[in-house]
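Grab a pencil and work through the exercises below.

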Amino acid sequence: MKVLAILSQKGGVGKTTLATCLAVAAEQAGKETAIIDLDPQATASFWKDVRQLDTPAVASIQPVRLAAMLKACADAGTDLVVIDGAAVARDVAYEAARHADFILVPTKTAVFDTMSMTHTLDVVRQLDRAFAVVLTFVPPQGQETGDAMKAVEELGAAVCPVTIGNRKAFFRAQAAGQAVQEFEPNGPAAAEINRLYEYTAIRLYDKMEAA
């Protein structure tokens with residue numbers, strides 16, 4: 001079993017959207033997948049409440065129960081667990097990172113958002129975990145994306161080659177309890193998620209996997 005954590009101590013950067021969409025992408029690739037929701041706001045759990053399908057499983061738990069829940073997932077034959085982290089809470093980020101095989105750190109392209117992720121990077125580096133920063137809510141044009149990539153590189157962090165655009169389809173899919181690739185399978189947002197899953201699969205499994 002592999003564990004992918006989506007972590008940022010900055011709120012509103014798309015952690016739950018990435019967690020749910022990547023979990024569905026993993027299922028579409030044939031993996032038994034579960035989401036562990038560590039966010040007190042339980043956004044992933046609310047997504048599951050309105051979802052019309054039984055999978056992926058979503059469990060909302062306290063961080064102290066994470067190890068036990070991961071063991072239960074492994075015992076149940078789960079292939080991939082996606083951890084949806086909480087904003088602000090350093091202890092939650094630490095506990096999630098401690099169990100992760102790979103970590104995505106989402107950030108918006110605004111300079112203050114980029115700089116605010118340094119606390120999360122500190123946690124990840126302290127535990128010597130493999131990670132990459134993924135840019136979210138990327139505008140269709142402008143120099144912000146290039147500036148953000150440069151800022152991330154100056155922080156000594158790897159930049160994910162896939163960026164996630166600021167697209168209405170993400171919000172509409174989330175409200176319907178769907179992943180964007182279910183809501184609009186041929187749209188640009190779905191294509192971005194599929195590419196992001198391929199990238200994370202390479203980092204998790206050291207091989208290419210189609211979404």
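Buried means under 20% relative accessible area, exposed means over 50%, and partly exposed is in between (1.4 Å probe, protein chains only). You're looking at a predicted model, where local features need pLDDT of at least 70, side-chain atom pairs count only at pLDDT 80 or more, and totals for chains, interfaces and linings use all residues. Residues are numbered from 1 along each chain as its sequence is written, and side-chain values use heavy atoms, leaving out hydrogens and water.

**Exercise 1.** Describe the salt bridge of arginine 167 with glutamate 192.

Step 1: A salt bridge needs a side-chain nitrogen of Lys or Arg within 4 Å of a carboxyl oxygen of Asp or Glu. Here the closest N and O atoms are 2.8 Å apart.

Step 2: Find both partners. Arginine 167 is in the loop between α7 (144-154) and α8 (168-175), while glutamate 192 belongs to helix α10 (residues 188-205), so the bridge ties together parts 25 residues apart in sequence. Helices (H or I, at least four residues) and strands (E, at least two) are DSSP runs, numbered from the N terminus.

Step 3: Check accessibility. Glutamate 192 is buried at 6%, and arginine 167 is partly exposed at 30%.

**Exercise 2.** Work out whether lysine 71 is buried or exposed, and do likewise for aspartate 75.

Step 1: Their side chains meet in a salt bridge, with N to O at 2.9 Å.

Step 2: Both sit in helix α3 (residues 66-75), four residues apart, so about one helical turn separates them.

Step 3: Lysine 71 is exposed at 53%, and aspartate 75 is exposed at 59%.
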